[in-house]
Amino acid sequence: MRDFGAMLVSGGVEVVDCSGVLGPDTPILQLPADFAKPTPKVEIHKISEYDEDGPFFAWNWMVLGEHSGTHFDAPHHWITGKDYDDGFTDTLDVQRLVAPVNVIDCSQQSQEDPDFLLDAKGIKEWEAEYGEIGKGEWVVMRTDWDARVDDEARFLNADEAGPHSPGPTPDAIEYLMDKKIVGWGTQCIGTDAGQAGGMEPPYPAHNLLHKNNCFGLASLANLDKLPPKGAILIAAPLKIKNGTGSPIRALALVPKG
């Protein structure tokens with residue numbers, strides 16, 4: 001532990017910020033009005049800033065959805081995970097939140113095809129090159145989609161057929177569930193592909209992750225700064241009472257050299 005601390009202080013371990021900026025311009029998932037009630041846009045309101053409302057301090061209050069910006073999906077977020085007593089952000093096992101991360105690079109495919117889908121075959125091919133995905137580890141899909149985050153229309157990438165963004169196939173998530181991973185993450189607005197509503201089961205990442213008491217991470221950033229293997233991901237949600245999720249400051253610890 002002393003050696004690890006020394007490596008952090010010396011820069012032998014780099015801390016990579018895997019989170020986007022959270023504010024009024026943060027893209028928010030858009031749902032059809034006849035389907036579901038939407039999450040409001042992020043609002044930041046000043047309480048005081050060294051003025052008559054607080055002469056020595058600055059602080060704000062916010063309007064904020066649990067699933068805004070770079071965020072964490074707890075099992076209770078989806079109907080398949082609703083019965084887990086430890087499926088809320090205030091009851092989950094925090095030991096699971098800090099774990100090795102496997103970064104599967106699909107950036108080139110996603111640039112060529114915004115509807116690119118990572119399947120189980122693709123994951124197995126990645127494992128053949130980089131090594132097995134282990135029990136209790138994070139798996140994230142690198143698409144470099146975070147390059148679009150400053151333009152909400154490009155980030156959501158929707159047309160009359162719905163959103164178009166890369167994600168996993170059902171068999172990809174089924175394979176990872178057999179691996180007993182702790183969770184799955186993407187750089188898009190949600191953990192599923194934009195067209196995942198038409199899959200069987202629909203929205204397989206949400207459906208199968210939370211059915212198995214696993215976690216989801218969305219709108220991750222800077223995955224291009226992580227190696228395929230060897231980094232540790234810290235993805236800790238706020239301890240919200242009965243929380244179904246939370247914005248997070250996702251941090252990766254990357255050994256240098």
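Biologist: How far apart are the mean positions of the positive and negative charges of the protein chain?
Modeller: First, a heads-up: this is a predicted model, where local features need pLDDT of at least 70, side-chain atom pairs count only at pLDDT 80 or more, and totals for chains, interfaces and linings use all residues. Residues are numbered from 1 along each chain as its sequence is written, and side-chain values use heavy atoms, leaving out hydrogens and water. Lys and Arg count as positive, Asp and Glu as negative, with His and the chain ends not counted; each charge is placed at NZ of Lys, CZ of Arg, CG of Asp or CD of Glu. For the 21 positive and 40 negative charges, the mean positions are apart by 6 Å.

Biologist: How many helices and strands does the protein chain have?
Modeller: Both kinds are DSSP runs numbered from the N terminus: helices are H or I with at least four residues, strands are E with at least two. The protein chain comes to 6 helices and 15 strands.

Biologist: What share of the residues of the protein chain is buried?
Modeller: Buried means under 20% relative accessible area, exposed is over 50%, and partly exposed is in between (1.4 Å probe, protein chains only). Of the 257 residues, the buried share is 47%.

Biologist: Where is the proline of the cis peptide bond found?
Modeller: Most peptide bonds are trans. Here a cis one joins E200 and P201, with omega about 0 degrees. P201 is in the loop between β11 (183–186) and α6 (204–211).

Biologist: Y50 has a positive phi; is Y50 buried or exposed?
Modeller: Most residues other than glycine have a negative phi. Y50, in strand β2 (residues 43–51), has a phi of about 55 degrees. Its relative accessibility is 56%, so Y50 counts as exposed.
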